[in-house]
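Work through the exercises below with the model in view. Try each task before reading its solution.

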Amino acid sequence: AQPTPPPAATPNRPAAASPARPDEAERRAIWARAMTDVAAECHAGLDHLSPAERAKEMMRINLLTESASALVAGIAPSAPGSAAPATGAR
């Protein structure tokens, strides 16, 4: 039996262009859009909830909306339950 010849060399091809990674502002905008989309979905179902569930859902909607606004503005949102920064402290 004859030895099998080595596989033919493949010509060097440039790597397929990968999509450009979004910069920080674009990444924040993408996350903000996702948050506003979820907030809109939550808002659409409010009519079918009890008053207690509606209040909880409104808190979620407000948190998502505030977080989206902070992301677009480049402001780090505060963690839930954290103390607000002191203003006018000496």
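**Exercise 1.** Find the element that holds Trp31, and decide whether Trp31 is buried or exposed.

*Solution.* Start with the place: Trp31 lies in helix 1. Helices (H or I, at least four residues) and strands (E, at least two) are DSSP runs, numbered from the N terminus. Next, the accessibility. Trp31 has a relative accessible area of 51%, so the residue is exposed. The cut-offs are under 20% for buried, over 50% for exposed and in between for partly exposed (1.4 Å probe, protein chains only). Finally, look across the sequence. Ala68 is 37 residues away along the chain, yet the two C-alpha atoms of Trp31 and Ala68 are 7.3 Å apart.

A note on the model: it is predicted, local features need pLDDT of at least 70, side-chain atom pairs count only at pLDDT 80 or more, and totals for chains, interfaces and linings use all residues. Residues are numbered from 1 along each chain as its sequence is written, and side-chain values use heavy atoms, with hydrogens and water left out.

**Exercise 2.** State how many helices and strands the protein chain has, and what share of its residues is buried.

*Solution.* Count the elements: two helices and zero strands. Then take the burial. The chain has 90 residues, and 11% of them count as buried.

**Exercise 3.** Work out how helix 1 and helix 2 are arranged relative to each other.

*Solution.* Take the axes. Those of helix 1 and helix 2 come within 8 Å and cross at roughly 160 degrees. Here axes are lines fitted to C-alpha atoms, for helices over the stretch in contact, and angles run from 0 to 180 degrees between N-to-C directions. Angles over 145 degrees count as roughly antiparallel. Helix 1 and helix 2 are therefore roughly antiparallel. Now list who makes the contact (heavy atoms within 4.5 Å). Helix 1 supplies residues including Arg28, Trp31, Met35, Ala39 and Cys42, while helix 2 supplies residues including Glu57, Ile61, Leu64, Ala68 and Leu71.

**Exercise 4.** Describe the surroundings of Ala39.

*Solution.* Ala39 sits in helix 1. Its relative accessibility is 5%, so Ala39 counts as buried. Leave aside neighbours within four places in sequence: Ala39 then contacts Ile61, Leu64 and Thr65.

**Exercise 5.** Is Glu57 buried or exposed, and which residues does Glu57 touch?

*Solution.* Locate Glu57 in helix 2, residues 51-73. At 14% relative accessibility, Glu57 counts as buried. Not counting residues up to four places away in sequence, Glu57 touches Cys42, Leu46 and Leu49.

**Exercise 6.** Check the length of helix 2, and find what its buried residues pack against.

*Solution.* Helix 2 has 23 residues and spans 33 Å from its first C-alpha to its last, close to the expected 33 Å. That expected span is 1.5 Å times one less than the number of residues. Its buried residues are Glu57, Ile61, Ser67, Ala68, Ala70 and Leu71. They pack against helix 1 (24-44). Just after helix 2, Gly74 takes a positive phi of about 80 degrees.

**Exercise 7.** Classify Glu26, and give its C-alpha distance to Val72.

*Solution.* Glu26 belongs to helix 1. With 44% relative accessibility, Glu26 counts as partly exposed. Glu26 and Val72 are 46 residues apart in sequence and 9.0 Å apart in space, C-alpha to C-alpha.

Key:
Angles under 35 degrees count as roughly parallel, over 145 as roughly antiparallel, 65 to 115 as roughly perpendicular and the rest as oblique.
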